[in-house]
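The sequence and the structure come first, and the description follows.

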Amino acid sequence: MPDELLVFEQTLEAVYVRALHGRLPPACKARLRQAGLDLDQKLRPAYAFDAWMTFLRITAEELYPGEPLEQGAFKLGEACIDGFRETMLGRAVLSLLRVLGPRRALMRATQNFRAGNNYTESRLKELSPRQFELWMNEVGSLPSFTAGILHAGLRTAGAENIRIDMTGYDGHGCTYCISWSEASVSSGVAGKGDSRAATRSGSISSL
């Protein structure tokens, strides 16, 4: 793992410029600016990982004030895929996931996440054809954000009735126990808004 953990500009673009454009209230933008993210200015090439976690926490608190923080972070993870879909890189990556299907998409977890940061490492254990354990080395203080990304990504890859349970979280690494009941490549071919439907058709279990 590198000495300095960085989240690249395209990840923040997916969330803040694409998915959440026009949705952030002034109070949220003010808090983000104070924390180091000025959305009225051009994004920097990269941001420190700890700052990224702070940005996500502020955003979840402001956008979903009546919900548990972990559920708000999960929704932001799904929104990240919605926004990523609108970028040139995202279109290429998500088109590939639709071709690969859920199983092979999970096998590429490290490569896919490394498109947006410099630190992700993962290990995948297959328990059955539609049941896996995915360990990720660094998910920060909001492991449900990564769960949301996985959920929406698997939906794009064609998985349905997705379940994600989080175990073994130590403040950095986390194991995601992932299963789905059936897969259809055509079910993942849809535009922005898939993640909201995916939330209704699957489930996530907290730590």
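## Overall make-up

The protein chain has 8 helices and 9 strands. These elements are DSSP runs numbered from the N terminus, with helices (H or I) of at least four residues and strands (E) of at least two. The model is predicted, so local features need pLDDT of at least 70 and side-chain atom pairs count only at pLDDT 80 or more, while totals for chains, interfaces and linings use all residues. Residues are numbered from 1 along each chain as its sequence is written, and side-chain values use heavy atoms, with hydrogens and water left out.

Of the 207 residues in the protein chain, 49% are buried. Buried means under 20% relative accessible area, exposed means over 50%, and partly exposed lies in between (1.4 Å probe, protein chains only). A contact means heavy atoms within 4.5 Å. Among contacts in the protein chain with a separation of 6 or more, 68% are between residues 24 or more positions apart.

## Helix 1 and strand 2

Helix 1 covers residues 9-19, and its buried residues include Thr-11, Leu-12, Glu-13, Ala-14, Val-15, Tyr-16 and Ala-19. What covers these buried residues includes strand 1 (6-8), helix 2 (26-35), strand 2 (46-48), helix 3 and helix 4 (69-84).

Ala-46 is found in strand 2 and is partly exposed, with a relative accessible area of 24%. Leaving aside residues up to four places away in sequence, Ala-46 touches Leu-6, Val-7, Phe-8 and Glu-9. Ala-48 also lies in strand 2, and its relative accessible area of 36% makes it partly exposed. With residues up to four places away in sequence again not counted, Ala-48 touches Leu-5 and Leu-6.

| Pair | Apart in sequence | C-alpha to C-alpha |
|---|---|---|
| Ala-48 and Leu-6 | 42 residues | 4.8 Å |
| Ala-46 and Glu-9 | 37 residues | 5.2 Å |
| Thr-156 and Pro-102 | 54 residues | 8.4 Å |

## Aromatic rings

A pair of aromatic rings is described by the distance of the centres and the angle of the planes. Rings of Phe, Tyr and Trp (its six-membered ring) pair if their centres lie within 6.5 Å; planes under 30 degrees apart count as stacked, over 60 as edge-to-face and the rest as tilted. By this rule there are 4 aromatic pairs. One of them joins Tyr-47 and Phe-55, an edge-to-face pair with 5.9 Å centre to centre and 80° between the planes. Tyr-47 counts as buried at 3% relative accessibility, and Phe-55 is buried with a relative accessible area of 1%.

The rings of Phe-49 and Tyr-119 have centres 5.0 Å apart and planes at 70°, so this pair is edge-to-face. Phe-49 lies in helix 3 (residues 49-63) and Tyr-119 in the loop between helix 6 (109-114) and strand 3 (122-128), so the pair ties together parts that are 70 residues apart in sequence. Phe-49 and Tyr-119 are both buried.

A charged side chain also meets a ring. Arg-123 lies over the face of Trp-135, at 4.0 Å from the ring centre. The rule for a charge over a ring asks for NZ of Lys or CZ of Arg within 6 Å of the ring centre and within 35 degrees of the ring normal.

## Helix 5 against helix 7

How do helix 5 and helix 7 lie relative to each other, parallel or perpendicular? The axes of helix 5 (residues 88-107) and helix 7 (residues 143-157) come within 7 Å and cross at roughly 110°. Axes are lines fitted to C-alpha atoms, for helices over the stretch in contact, and angles run from 0 to 180 degrees between N-to-C directions. Helix 5 and helix 7 are therefore roughly perpendicular to each other. Angles from 65 to 115 degrees count as roughly perpendicular, under 35 as roughly parallel, over 145 as roughly antiparallel and the rest as oblique.

On the helix 5 side, Leu-94, Leu-97, Arg-98, Gly-101, Pro-102, Ala-105 and Leu-106 meet Gly-153, Leu-154, Thr-156 and Ala-157 in helix 7. Thr-156 is buried, with a relative accessible area of 1%.

## Cysteines and a loop residue

A search of the whole structure finds 0 disulfides, a disulfide being a pair of cysteine sulfur atoms within 2.5 Å. Cys-28 counts as buried at 0% relative accessibility, and Cys-80 counts as buried at 8%.

Asn-161 is found in the loop between strand 5 (159-160) and strand 6 (163-167). The phi of Asn-161 is near 50°, a positive value in a residue other than glycine. Asn-161 is partly exposed, with a relative accessible area of 39%.
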